[in-house]
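Colleague: Before I rely on any of the labels used for this protein, I would like to hear what stands behind each of them. Could we go through the model together?

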Amino acid sequence: MTMERDSAAGTAPATDVHEFVVVSNEPVADGVWRMRCHTSVAPLLAPGQFVNVAVPGDAAHILRIPLSFSAAHASSETLELVYAVVGEGTRRLSGMHVGDVSTMVGPCGNGWALPTRGGRALLVAGGVGLPPIVACARMLAEAFVGFDVIVGAQTSAKHVEYLLDELRRMPPGEGCDCARKVLVCTDDGSLGTRGFTTDVMADLIADRPYSQAYTCGPTPMMAGVARLCEKRSIACQASLERMMGCGFGACSCCNVALTVGGYALCCKDGPVFDAREVVW
Ligand SMILES: Cc1cc2nc3c(=O)[nH]c(=O)nc-3n(C[C@H](O)[C@H](O)[C@H](O)COP(=O)(O)OP(=O)(O)OC[C@H]3O[C@@H](n4cnc5c(N)ncnc54)[C@H](O)[C@@H]3O)c2cc1C
Ligand code: FES
């Protein structure tokens, strides 16, 4: 199966089925797992794209699981997925062992774009919206774009500490003569600020200038981030989640309502959208 996609930058790698071999699979926070796997799709992925993973086992469960990635290492062909166990598919994914083999479809969708204006970027992640935000941070760091990050979770135990450390360690970049902030919050106040990412963001954007925001997490959170950006004329890219069937534009089950009217497909036109294009 090969599905061609167009790309503004030229011909994008074709979406195809790739085998993967599990290298490690372990819990990294409460209900959150990290799988590292060896797969030929890793060098083809751009930050913010996703893969559609087949979990072997129950024939009654035929749908693949769409997952973003936190890291894709081209030279070692290694991919890192960080996923919450929320239902049958992700529960069975967490049961895969080192050496187990399956397939994933990818690269899927369109990823993050670098800022078109100079200045500093702000990244806002909620829950398991964090993996694609970490991939975005790496993209910005490699382009010397300075950024700060806000990461929210329900409670301390659900924060993926090693990813927070990776964000803190990334090179500073440009856009503001100030140190990187990685601000953490929780709904219950058990780690960092008590409250939502949008509360933390409202304070931060009053203090520091940003030209671009990137966000991924629960839809109400991203809607709030988009509103704050609109008020301050900050460009905003949001990575949306929809229930998905095929993952490559064939089944029309992942509609995103657009402000100009009509619908886009989250899997093919997204998952990253300009926040102003989306009806929140
Ligand atoms: C582009 C994309 C990237 C994603 N990246 C990640 C990621 O990096 N890490 C991660 O933990 N999760 C990610 N998800 C969500 C993940 O795909 C779902 O949690 C997973 O498919 C649930 O499968 P399941 O069989 O375990 O649960 P199910 O039994 O199918 O569902 C359990 C619960 O999760 C909800 N759910 C199922 N699928 C989705 C979905 N696609 N979007 C939102 N809610 C869903 C259901 O409504 C239900 O409440 C992503 C989703 C998309 C569309
Ligand atoms: S999941 Fe089939 S069109 Fe998007």
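Predicted model: local features only at pLDDT ≥ 70, side-chain atom pairs only at ≥ 80, totals over all residues.

Colleague: Why is helix H2 called largely enclosed?

Modeller: A residue counts as buried under 20% relative accessible area, and 11 of the 13 residues of H2 are buried, so the helix is largely enclosed by the rest of the structure. Among the buried ones are Leu-130, Ile-133, Val-134, Cys-136, Met-139 and Leu-140, and what covers the buried residues includes strand S7 (65-68), strand S9 (78-84), S11, S12, H3 and strand S15 (212-216).

Colleague: How do you know what length to expect of H2, and what follows the helix?

Modeller: Helix H2 (residues 130-142) reaches 18 Å from its first C-alpha to its last, close to the 18 Å expected for its 13 residues at 1.5 Å a residue. After H2 comes Phe-144, with a positive phi near 60°.

Colleague: Is Gly-106 buried or exposed, and how do you know?

Modeller: The cut-off for buried is under 20%, and Gly-106 has 0% relative accessibility, so Gly-106 counts as buried. Gly-106 is placed in strand S10 (residues 101-108), and, leaving aside neighbours within four places in sequence, Gly-106 is in contact with Ala-14, Thr-15, Asp-16, His-18, Val-41, Phe-50 and Val-51. Gly-106 also lies 9.0 Å from Gly-247, C-alpha to C-alpha, although 141 residues separate the two in sequence.

Colleague: What makes strand S10 as a whole largely enclosed, and with which strands is S10 joined?

Modeller: Since 6 of the 8 residues of S10 are buried, the strand is largely enclosed by the rest of the structure. Strand S4 (residues 15-29) is joined to S10 by 6 bridges and runs antiparallel to it, with Val-17 having Val-105 as its bridge partner in S10. Strand S6 (residues 50-53) is also antiparallel to S10, through 3 bridges, and here Phe-50 has Cys-108 as its partner.

Colleague: Which residues have the most contacts inside the largest nonpolar core, and which elements contribute two or more residues?

Modeller: That core has 34 residues, and those with the most contacts inside it are Leu-122, Val-124, Ile-150, Met-201, Ile-205, Cys-229 and Leu-240. Two or more residues come from each of S10, S11, H4, helix H5 (219-232), strand S16 (235-239), strand S18 (263-265) and helix H6 (266-269), and H5 gives the most, with 6 residues. At least three residues are drawn from each of domain 1 (2-108) and domain 2 (121-238). Apart from this core lies another, of 30 residues, among them Val-82, Ile-133, Val-134 and Val-151.

Colleague: How many residues of the two domains are in contact, and what separates the domain centres?

Modeller: Contact means heavy atoms within 4.5 Å, and 15 residues of domain 1 are in contact with 14 residues of domain 2. The centres of the two domains, taken over C-alpha atoms, are separated by 24 Å.

Definitions and conventions:
Residues numbered from 1 in each chain as written. Chains lettered and ligands numbered in written order. Heavy atoms only, no water. Helix = DSSP H or I, 4+ residues; strand = E, 2+ residues; numbered from the N terminus. Expected span 1.5 Å × (residues − 1). Buried < 20%, exposed > 50% of the residue type's maximum accessible area, 1.4 Å probe, protein only. Core = buried A, V, L, I, M, F, W, Y, C linked by side-chain atoms within 4.5 Å. Domains from an automatic or database assignment. Pairing = 2+ DSSP bridges.
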